[in-house]
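Subject: Structure for your files

Hello,

Please find the structure below. My notes on it come after.

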Amino acid sequence: MDNVQRFREQLRKSRYVTVLTGAGVSAESNIPTFRGSGSSSLWKNHEVTQVASPNAWNCDPGLVWEFYNYRRQMMQDKKFNMAHKALADLEKKLKEQQKTFSLITQNIDDLHFDAGSKNVTRLHGSIWMIRCAKCGHLQKNRDVPITPAFDQECTGEANRYTVDDLPQCQQQNCTGILRPHVVWFGEALRKQDINQAVLSSQNCDLFLVIGTSCLVQPAASFMQLAKSEGAKTAVINLEETVADHHADFVFHGKAGEVLPELFQ
Ligand code: BV8
Ligand code: ZN
């Protein structure tokens with residue numbers, strides 16, 4: 001029996017499947033990844049890990065909004081791809097078989113929802129949600145540009161915007177600025193998201209890691225947790241990852257091609 005057939009047999013026997021996805025699952029929707037071939041961890045010569053941080057927000061919120069406005073502009077017309085669709089179809093099939101499926105994503109593009117996935121834990125938030133940095137009021141928002149001041153070429157220059165250029169909280173008596181509802185580097189993840197991810201990792205019998213370099217914590221730790229609780233594990237990625245040698249199954253290739261093949 002070859003590796004694909006062995007995997008299919010494992011999937012058929014599983015009662016609780018948990019999946020962790022990363023930027024590689026959205027690559028075939030033409031959303032650039034952060035690392036790996038054809039990617040860049042830089043935006044206008046700024047390290048993403050520096051701009052996507054509380055420190056950058058405290059020093060220059062306009063620069064942080066210019067970065068997110070640029071990504072919202074780039075993401076606004078992107079569609080889900082065969083990888084997202086295969087995961088949504090797998091969830092539906094397992095549900096029909098009275099089995100459990102849990103999807104944990106590091107991605108903030110919400111394409112899993114567009115493809116029909118239901119049980120999704122967004123570890124790092126959503127680029128289409130904004131929240132008040134002062135009162136915490138949370139809202140959906142798809143405005144591109146986020147405010148008229150950002151309707152210009154983005155340069156990545158420091159201190160280019162004033163507070164008045166930034167989206168303001170509309171809640172009564174609140175003068176806060178609205179920020180992207182995403183988890184920045186150096187910021188804690190939301191408790192309910194971590195708790196859900198831990199539960200899904202501890203209780204599953206098959207854990208799939210798809211389209212992630214497995215370098216960002218704590219997301220990268222869930223596969224090990226699943227394994228320690230006896231789950232079988234599989235890595236599906238375009239290129240080798242640091243998790244490969246811990247996995248029971250490894251498939252290298254494009255998620256949009258490999259997943260439909262594996263989930264048949
Ligand atoms: C926390 C939202 C603690 C924002 C993201 C040193 C200093 C400071 C911090 C740390 C440090 N060391 C470790 C840390 C912790 C840090 C961390 O992990 N840093 C890394 C860089 C080392 N983690 C944190 O800071 C986390 N918080 O630890 O808090 C704490 C506790 C209490 C109080 C205060 C603090 C928060 C991490 C969340 C960061 N936010 N996103 C935004 O997006 O703007 S993470 C960001 O990276 C994205 O979400 C992205 O998804 C994620 C992970 O990357 P991947 O998804 O893996 O993407 P990547 O590009 O790396 O890989 C893609 C893969 O796909 C590649 O392997 C490629 O080969 C493959 N691929 C490409 N095409 C395809 C494909 N595969 C299949 N098919 C294809 N077609
Ligand atoms: Zn507010």
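The notes run from the overall form to single residues.

This is a predicted model, in which local features need pLDDT of at least 70 and side-chain atom pairs count only at pLDDT 80 or more, while totals for chains, interfaces and linings use all residues. Residues are numbered from 1 along each chain as its sequence is written, chains are lettered from A and ligands numbered from 1 in the order in which they are written, and side-chain values use heavy atoms, with hydrogens and water left out.

Overall form. The protein has 9 helices and 11 strands (DSSP runs numbered from the N terminus: helices are H or I with at least four residues, strands E with at least two). Along the principal axes, the C-alpha atoms fill a box of roughly 65 × 40 × 30 Å. Of the 264 residues, 50% are buried (under 20% relative accessible area; exposed means over 50% and partly exposed lies in between, with a 1.4 Å probe and protein chains only).

Domains. The assignment, automatic or from a database, gives domain 1 as 1-31 + 79-124 + 188-263 and domain 2 as 32-77 + 125-182. To their contact, domain 1 gives 19 residues and domain 2 gives 17 residues (contact means heavy atoms within 4.5 Å). The domain centres, taken over C-alpha atoms, are 28 Å apart. Among contacts between residues at least 6 apart in sequence, 69% join residues at least 24 apart.

Phe-222. This residue is found in helix H8 (residues 222-228). Phe-222 is buried, at 3% relative accessible area. Leaving aside residues up to four places away in sequence, Phe-222 touches Leu-123, Ala-197, Val-198, Ser-201 and Phe-207.

Backbone. Two cis peptide bonds are worth a look. One joins Val-144 and Pro-145, with omega about 0°; Pro-145 sits in the loop between strand S7 (138-140) and strand S8 (178-182). The other runs from Gln-217 to Pro-218, with omega near 0°, and Pro-218 is in the loop between strand S9 (206-210) and H8.

Asn-45, not a glycine, has a positive phi of about 65°. Asn-45 lies in the loop between strand S2 (42-43) and strand S3 (46-47) and is exposed, at 71% relative accessible area. Asn-159 also has a positive phi, near 50°; Asn-159 lies in the loop between S7 and S8 and counts as exposed at 59%.

Regards
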